[in-house]
Amino acid sequence: MNLKNNKITVGELLDYAPAKAVIQKRFPMVMRHPMVGAARTMTLEQILSAASAYIPEKKLQETLSELRKV
């Protein structure tokens, strides 16, 4: 998948079933969060910036790699 240099929106990722499956598999708690709908207009770059404070860099990089393959 083309992540558009991490400028792809969360909404675009969630609308593409294979990408959504990767996110659900790696971060199941995120998919149940009440703010996931509000995050649809955020870019992947913005999400990564916020998530890096809570999620190990290795896990984020593995997720990006998997998303690029779908």
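This is a predicted model: local features need pLDDT of at least 70, side-chain atom pairs count only at pLDDT 80 or more; totals for chains, interfaces and linings use all residues.
## Starting from Leu-3

Leaving out residues up to four places away in sequence, Leu-3 touches Ile-8, Leu-13, Leu-44, Leu-64, Leu-67 and Arg-68. You will find Leu-3 in the segment before H1. Its relative accessible area is 5%, and because buried means under 20%, Leu-3 counts as buried. For a sense of distance, look across to Ile-23, which lies 20 residues from Leu-3 along the chain; the C-alpha atoms of the two are 14 Å apart.

As background, nonpolar side chains in soluble globular proteins tend to be buried together.

Setting aside neighbours within four places in sequence, Leu-60 is in contact with Phe-27, Leu-48, Ala-51, Ser-52 and Ile-55.

Now come back to the segment before H1, where Asn-6 has its place. Is Asn-6 buried or exposed? With 18% relative accessibility, Asn-6 counts as buried, because the limit is 20%. Not counting residues up to four places away in sequence, Asn-6 touches Thr-43, Leu-44, Glu-45, Leu-48, Leu-64 and Arg-68.

Next, let your eye follow two helices, H2 and H5. They pack at an angle of about 155 degrees, and their axes are 10 Å apart. Angles over 145 degrees count as roughly antiparallel, so H2 is roughly antiparallel to H5. Their crossing is right-handed. Where the two helices meet, H2 brings Ala-19, Val-22, Lys-25 and Arg-26, while H5 brings Lys-59, Glu-62, Thr-63, Glu-66 and Leu-67.

How many salt bridges does the structure hold? There are 7. One of them pairs the side chains of Lys-4 and Glu-12, at 2.6 Å from N to O. Lys-4 counts as partly exposed at 40% relative accessibility, and Glu-12 is also described as partly exposed, at 32%.

A second salt bridge joins the side chains of Lys-7 and Glu-45, again with an N to O distance of 2.6 Å. This pair links distant parts of the chain: Lys-7 sits in the segment before helix H1 (10–15) and Glu-45 in helix H4 (residues 44–51), 38 residues apart. Lys-7 is partly exposed at 44% relative accessibility, as is Glu-45 with a relative accessible area of 38%.

Asp-15 and Arg-40 form a further salt bridge, their closest N and O atoms being 2.6 Å apart. Here too distant parts of the chain are linked, with Asp-15 in H1 and Arg-40 in the loop between helix H3 (28–31) and H4, 25 residues apart. Asp-15 has a relative accessible area of 58% and is exposed, whereas Arg-40, at 31%, counts as partly exposed.

Note on methods. Residues are numbered from 1 along each chain as its sequence is written. Side-chain values use heavy atoms; hydrogens and water are left out. A salt bridge is a side-chain nitrogen of Lys or Arg within 4 Å of a carboxyl oxygen of Asp or Glu. Buried means under 20% relative accessible area, exposed over 50%, partly exposed in between (1.4 Å probe, protein chains only). Helices (H or I, at least four residues) and strands (E, at least two) are DSSP runs, numbered from the N terminus. Contact means heavy atoms within 4.5 Å. Axes are lines fitted to C-alpha atoms, for helices over the stretch in contact, and angles run from 0 to 180 degrees between N-to-C directions. Angles under 35 degrees count as roughly parallel, over 145 as roughly antiparallel, 65 to 115 as roughly perpendicular and the rest as oblique. A crossing is left-handed if the near helix is turned anticlockwise from the far one by less than a right angle, and right-handed if clockwise.
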